[in-house]
Amino acid sequence: MNIIYRPRRLRKSQAIRDMASETKLSPSMFVYPVFIREGKNIIEEIPSMPGQKRYSPDTLPRVLERAAESKIGGVLFFGIPEHKDECGSSAWNEDGVIQQAIRISKKEFPDLTIIGDVCLCEYTSHGHCGVIHDGKIENDPTLEILSRVAVSQARAGADIVAPSDMMDGHTAAIRTALDHEKFQDTLIMSYAVKYASAFYGPFREAAGSAPQFGDRKTYQMDPRNVREALRETALDIEEGADIIIVKPGLPYLDVLKSVKENFFVPTASYSVSGEYAMMKAASANGWLNEKNIALESAYSIARAGADIIISYYALDLAEWIRN
């Protein structure tokens, strides 16, 4: 006897649709990126990312309070220093802007998961993610600096460090340095799959991290490749990554799905600044419903396999889900 299943019956009630849905979101899945700049009493708008702000360490608790109340999974800090130089020395300064922010956060909100971005592009005068010699990125000397950055963030209290530089061997170098300094419990959330994407434009304006010459295609990934993403993921897991990031989000759902199907590790998707800016612009012009498109986008990322969603909509999404 053939049995015909009629899913239309499940659509009669919103409560039943929610209960029977294949993909679910929860506030704990979301990570909220926050820009922190040096100074005092600063809360400033980011023109290319309406609704997002830069905070100084002393004003940071205002947004962290909302993050804690929303019960999201954590916050991801990006630093904007006053001083920049060729090697990005402010990035590992024990009293640097990120280190200050981490200490304040752990004091005020000890249960909130704090993630520190480990990269040099915001801190270098040339805007690239590594040390420059004769106009080229020097991979191995950069690893030593990235390790110092990660250790300084762990020492300040970071629960997770997130290397976004895309240097070869960065995860192994950072894991070794953390373990040597007795930070074995500090997790590494690695940007194993980070494409050389045009969707990063608003972020670079927000963080002041646009490269002063050339581009980042020599160390970020080719948007035309998928198998490369699997190779990079395998390498980072072997080197000690605890969580893998695929970045950007919506344009790379196929890559996210492939990574998730091939590797049994927690996987994050970063819905980047360009995705956020497009949704904001379309909704501001009345072309799209902001809440609906943000939720649909988040569901699509979760449906493709993300366990964690890094999003500038994180606080709003948590609220919309609860309500």
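Are Y270 and Y312 buried or exposed? Both of them are buried. Keep in mind that this is a predicted model. Here are my notes, point by point.

1. Starting with that tyrosine pair: the ring centres of Y270 and Y312 sit 6.1 Å apart and the planes make an angle of 45°, so the pair is tilted. The cut-offs behind that label are under 30 degrees for stacked and over 60 for edge-to-face, with the rest called tilted. The pair ties together distant parts of the chain, as Y270 and Y312 are 42 residues apart. Y270 belongs to strand β11 (residues 267-271), while Y312 is in the loop between β12 (308-311) and α11 (314-322).

2. The structure holds 10 aromatic pairs. One aromatic cluster takes in F35, F78, Y191, F203, Y270, Y276, Y312, Y313 and W320.

3. Next, helix packing. Helix α4 (residues 139-156) packs against helix α5 (residues 170-180) at an angle of about 45°, and their axes are 9 Å apart. That makes α4 oblique to α5. The crossing of α4 past α5 is right-handed. On the α4 side the contact uses L143, L146, S147, A150, V151 and A154; on the α5 side, H170, A173, I174, A177 and L178. By class, those residues divide into 9 nonpolar and 2 polar, with no charged ones.

4. α2 and α11 pack at an angle of about 35° with axes 10 Å apart, and here α2 passes α11 in a left-handed crossing. V63, R66, A67 and S70 from α2 meet L315, D316, A318, E319 and R322 from α11. This contact has 4 nonpolar, 1 polar and 4 charged residues, whereas the contact of α4 with α5 has no charged ones.

5. Now the backbone. Most residues other than glycine have a negative phi, and most peptide bonds are trans. Which residues does the cis peptide bond join? K247 and P248, with omega at about 0°. P248 lies in the loop between β10 (243-247) and α8 (253-262).

6. Two lysines have a positive phi. For K71, phi is near 60°, and the residue is in the loop between α2 (60-70) and β4 (74-80). K71 has 63% relative accessibility, so it counts as exposed. For K182, phi is about 70°, and the residue is in the loop between α5 and β9 (187-194). K182 is exposed too, because its relative accessible area is 65% and the cut-off is over 50%.

7. Last, a look at I104 in helix α3 (residues 97-108). Its relative accessible area is 26%, so I104 is partly exposed. Leaving out residues up to four places away in sequence, I104 touches P57, D58 and P61.

Notes:
Residues numbered from 1 in each chain as written. Predicted model: local features only at pLDDT ≥ 70, side-chain atom pairs only at ≥ 80, totals over all residues. Heavy atoms only, no water. Axes fitted to C-alpha atoms, helices over the stretch in contact; angles between N-to-C directions. Helix = DSSP H or I, 4+ residues; strand = E, 2+ residues; numbered from the N terminus. Parallel < 35°, antiparallel > 145°, perpendicular 65-115°, else oblique. Left-handed = near helix turned anticlockwise from the far one by under 90°. Contact = heavy atoms within 4.5 Å. Nonpolar A, V, L, I, M, F, W, Y, C, P; charged D, E, K, R; others polar. Buried < 20%, exposed > 50% of the residue type's maximum accessible area, 1.4 Å probe, protein only. Phe/Tyr/Trp six-rings, centres within 6.5 Å; stacked < 30°, edge-to-face > 60°.
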